[in-house]
Amino acid sequence: AIGHRFAVPDVQSPVAERPIELEMYSRSPKVFHVHNFLSAEEARFLVKKAQSKDNPYSIRPSTTGHKSWTQGGEAEVASTRTSHNGFDVDSPTAMAVKRRAFELLRIEYVESLADGIQILRYKPKQAYIGHHDYFPTGQSGDFNWDPQRGGSNRFATVLLYLSDVSEGGGTVFNRKVNATALALHGGKSLQELVADSDAAAAFKKRKQPWEEDLVKACHTHFSLRPKSGDAILFYSQNPDGSLDDMSEHAGCPVLNGTKWAANVWVWNAPRYGQ
């Protein structure tokens, strides 16, 4: 049931006195709030790793597309994704977090079913327009992206929150209207929605249509507020292997503070070869 919260005792919590708990948030898209998924030490480590000069995949402007710069690909920089990101591909902390994510999903851990942990930083005004974590089935001709036809794609996302955010910075699911929020905020302008934030003046100076639309969506659609140590679990595929359009989501603009987050992407079959 929506709102049902229960402990998951067979997934070992990183904080002994606080078990990992799942709370059902939405059936379509299928979204769970994961309480107590990370320890404070793990969150701090991942933030530090992303900024380390010793990390060959340290933080830089975020990219889009399936050709990751971590593999020498020519990734694309998009004006509608203004965050920075880095990767932790092999630290003991990253491996422990990925294994925990697989346990939560009830999937046997296989490294070829996971991407390296992507670590994200959003400063004030930074955001990511609505997108899917899965790739379109016609993304490229060199790989079978269609799970319904024996291919592989991103199956589920465990989105980790590594910091609290003073204002803004939530995760919004663009296809799911929040009726209560719509009644409260519907029709308000961008300036009215962010008038009390330090980012208001900056938005007025550099406002773009997608930014204004996204701020409104974050107030009128199903969204979740960042909380350090917690995570969101959502599925990009339906049980029959079809890609779930309802899983479209966006990173809401940060209005005050800095947002640190990370992704664990789990695939339904190996990413490289079938």
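The face of helix α1 turned away from its buried side carries Glu41, Arg44 and Lys48, which are exposed (over 50% relative accessible area; buried is under 20%, partly exposed in between; 1.4 Å probe, protein chains only). Helices are DSSP runs of H or I with at least four residues, strands are E runs of at least two, and both are numbered from the N terminus. The model is predicted: local features need pLDDT of at least 70, side-chain atom pairs count only at pLDDT 80 or more, and totals for chains, interfaces and linings use all residues. Residues are numbered from 1 along each chain as its sequence is written, and side-chain values use heavy atoms, without hydrogens and water.

In α1, the buried residues are Glu42, Ala43, Leu46, Val47 and Ala50. Seen down the axis, they fall within an arc of 135 degrees, so they line one face of the helix. The arc is taken over directions from the helix axis to the C-beta atoms.

Aromatic pairs number 10 in the whole structure. Rings of Phe, Tyr and Trp (its six-membered ring) pair with centres within 6.5 Å; planes under 30 degrees apart are stacked, over 60 edge-to-face, the rest tilted. Tyrosine 25 and phenylalanine 222 have ring centres 6.4 Å apart and planes at 80 degrees, so this pair is edge-to-face. Tyrosine 25 lies in β2 and phenylalanine 222 in β11, so the pair ties together parts 197 residues apart in sequence. Tyrosine 25 is partly exposed, at 25% relative accessible area; phenylalanine 222 is buried, at 11%. Ring pairs link Tyr25, Phe173, Phe222 and Phe234 into a cluster.
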